2 protein chains.
Amino acid sequence: MQAVGMVVEYNPFHNGHHYFLHQAKEQTGAEVAVAVMSGDFTQRGEPTIVDKWTRAQAALKSGVDLVVELPVFYAVQPAHRFAAGALAILNALQVHRVAFGAEHPEWDFAALVAAEERFDQAEFGQYDATYATQFNEQLRSQTGLELRDPNDILAFAYTKAVLKNNYSIQLTPIRRRGSGYHDRQIHGQIASASAIRQAITTKNDFSNTVPPVMAEALARVSTVPDWSSLYPLLRNQLIQAPVEYLAQTYQMAEGLEHRMKEVAQRSLDFDEFIHGVKTKRYTYAHLLRMCLYTTLQLTEGEVADRFDHPYIHILGFTARGRQYLHQVKKQVPVPLFTKVSQGMRDGFYNLDYRAGKLYQNFTTVEQDLKHPPIMIR
Amino acid sequence: MQAVGMVVEYNPFHNGHHYFLHQAKEQTGAEVAVAVMSGDFTQRGEPTIVDKWTRAQAALKSGVDLVVELPVFYAVQPAHRFAAGALAILNALQVHRVAFGAEHPEWDFAALVAAEERFDQAEFGQYDATYATQFNEQLRSQTGLELRDPNDILAFAYTKAVLKNNYSIQLTPIRRRGSGYHDRQIHGQIASASAIRQAITTKNDFSNTVPPVMAEALARVSTVPDWSSLYPLLRNQLIQAPVEYLAQTYQMAEGLEHRMKEVAQRSLDFDEFIHGVKTKRYTYAHLLRMCLYTTLQLTEGEVADRFDHPYIHILGFTARGRQYLHQVKKQVPVPLFTKVSQGMRDGFYNLDYRAGKLYQNFTTVEQDLKHPPIMIR
């Protein structure tokens, strides 16, 4: 059996994902669909609308055969690290095709990756511009193109990961259909995940845009999980921890720890805090990730140590997914498991366990320890 | 002018405190009443029912002339350190009399202090008994008495502090009247602070037992501040911080950090947590204090450093209290101030500032920075 891999958040799983999934199978001819899915926190560092088990179940009931967790140290990262981590997992799972949504499937991303190698690193010294802005300035001057759409950015990152690691993975861009990533409106049965989240917050109808199993789960969501609810935890950490300790946080740089502490001391709610911390130097996504790293007390050392030593936590599978696992498991070069033991909790799985415990503030469900995988016939 | 000092929590300020205050002035003949009052957390490590400003105001309107804050590193401590800290502050304020409620004013506490010096330290090695139990075993064998009542324990600690430091302070025990410390019922106009807190929780009438200014403030309390509300903060700290970091917490010993982390991981609410952590070795009061030290990330070094370098934060005064301050301020050998500046916040006042920020979870009021003192004519 050949598998097609997909890198997903499914936040929530909706009809657009369902459409994409069947396109991916059709266009690649793969018999098995494998999704590597973010756990309880998104790439932007925000809690997901429902937990990873609920999202995995919806995906499995909708045609995905195997869902594995993208570890938090890959999942909550800028695009290049996110993509690198996700492809490392899919490659370990012996996936030879990876499909992804594309805004410009006609672009030669390999040529763009080659262009990046000619970048002048000295040009990245502007302190009043984000990294992305400076990156695009150089890319445009070399190729005439810019990576503005999130899908283009990811397509670039996937291409780079494959080339850099010599993966025998064929990338299959699939042209997006329906609402764009930033479209906040719901039209018909296809809507973006952010439009659906918005509809839940504003109590508007979205039930046509998600499969029934997801609609049921979302109907139980009374408050959309967000940083406002977690802010007391973040704020207490920023206030109580010594600034030298905060400085050891993963990606904390340029004295941001001082700024975050100072603003937290005077900010009673998260909106006030995040706007107080924002500068031209950092995107909101970067700052939201910094909030998560700080609340999880993630250190540079911990993340660096794990980054090159991934593992595969299986969240669930269908009968076909199980067959595929049997077929490949002996070739998988990293730890592969369905249940988190106490030893794993205190050992290599600890960062994901801690993220799950933070998410427990939104759901009383134990996210990891001894949680069995979802099995769909 | 001569002053009488009192060590208080006023949690809340009630008629029993009012009665005691006038007894103290009458029996000592003092013209000025000075109270050193715990800030926003009690000796047991719990948040106070209303903040220090509200409690100070009630006291000042009821006959206290000067209220100063007992710093958190003295206030949230076992009796001997609590008493030592409070008397250091009162001594610095040139108070020559200290009045306190007594269960056994007839006892010779100086003789009990002398007896303690003859204790066999090797006898304190029982790991299945609290320190207090082992202390009383030795005291009984030497003197036939035991320190069981909280007032007796404090009377002992005040006596020891005066003798050890050669303070020229005369201790004035005042026989308690009305309900005992542990009495949870309200009878008439005098009730214990714990009975009043209980009445607030159970929505029973307590308005006769507190002065009008306090009754007004308490009427605005919808939920009594407690550890249940702070538990998400404590839990996140216990889960996210490395065990080696938790081990550096003030008073953390005998591997308690491992036990607290393990129990926090599986406990969704505070009751479950604290019962899970409790052993014969530790009292609830000790464990509640450990919860506060952990949430404030207080280290041994920080507390040791401050313990011998107190300061006096004036919360409020009457005209008479102000006169007294003018009279004594040149003789006060420690920093004396009415407003917390940014420098003090980041410097010597930092521990109290952090405690105030934690308390801000119950009230949106800024507890310290630039807060003016209360002035009552």
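Student: Which residues is Lys261(A) in contact with, once its neighbours within four places in sequence are left aside?

Tutor: Lys261(A) is then in contact with Leu238(A), Val243(A) and Leu246(A). Please keep in mind that this is a predicted model.

Student: In which helix is Lys261(A) found, and is the residue buried or exposed?

Tutor: Lys261(A) belongs to helix α12 of chain A, which covers residues 256–266. A residue counts as buried if 20 or more other C-beta atoms lie within 10 Å of its own. Lys261(A) has 20 such atoms and is therefore buried.

Student: How far apart in space are Lys261(A) and Gln237(A)?

Tutor: Their C-alpha atoms are 8.9 Å apart, while 24 residues separate the two in sequence.

Student: How should I read contacts over chain A as a whole?

Tutor: Consider the contacts between residues at least 6 apart in sequence: 74% of these join residues at least 24 apart. As for burial, 47% of the 377 residues of chain A count as buried.

Student: Into which domains is chain A divided?

Tutor: Domain 1 comprises 3–104 + 172–224 + 308–376, and domain 2 comprises 227–303. The C-alpha centres of these two domains of chain A lie 27 Å apart. Where they meet, 11 residues of domain 1 of chain A are in contact with 13 residues of domain 2 of chain A. On the domain 1 side, helix α18 (residues 350–359) of chain A gives the most, with 4 residues. That side divides into 6 nonpolar, 2 polar and 3 charged residues.

Student: How is the relation between two copies of a chain described?

Tutor: In general, two copies are related by a rotation about an axis and a shift along it. Here, a rotation of 180 degrees with 0.0 Å of shift along its axis superposes chain B on chain A, with an RMSD of 0.0 Å. That is the relation of a two-fold axis. In chain B, the C-alpha nearest the axis belongs to Leu233(B), 2.7 Å from it.

Student: How many residues of chain B are in contact with chain A, and which element of chain B gives the most to that side?

Tutor: There are 16 residues of chain B in contact with 16 residues of chain A. Both α10 (227–240) and α18 (350–359) of chain B supply at least two residues each, and α10(B) gives the most, with 5 residues. The side of chain B that touches chain A divides into 7 nonpolar, 7 polar and 2 charged residues.

Student: Why may one say that the copies meet through the same surface?

Tutor: The reason is that 100% of the interface residues of chain B are also interface residues in chain A.

Key: Residues are numbered from 1 along each chain as its sequence is written. Chains are lettered from A and ligands numbered from 1 in the order in which they are written. This is a predicted model: local features need pLDDT of at least 70, side-chain atom pairs count only at pLDDT 80 or more; totals for chains, interfaces and linings use all residues. Copies are superposed by least squares on the C-alpha atoms of residues with pLDDT of at least 70 in both. Two residues are in contact if their C-beta atoms, placed from the backbone, lie within 7 Å. Domain bounds come from an automatic or database domain assignment. Ala, Val, Leu, Ile, Met, Phe, Trp, Tyr, Cys and Pro count as nonpolar, Asp, Glu, Lys and Arg as charged, and the others, Gly among them, as polar. A residue is buried if 20 or more other C-beta atoms lie within 10 Å of its own, exposed if 12 or fewer, and partly exposed in between; C-beta atoms are placed from the backbone.
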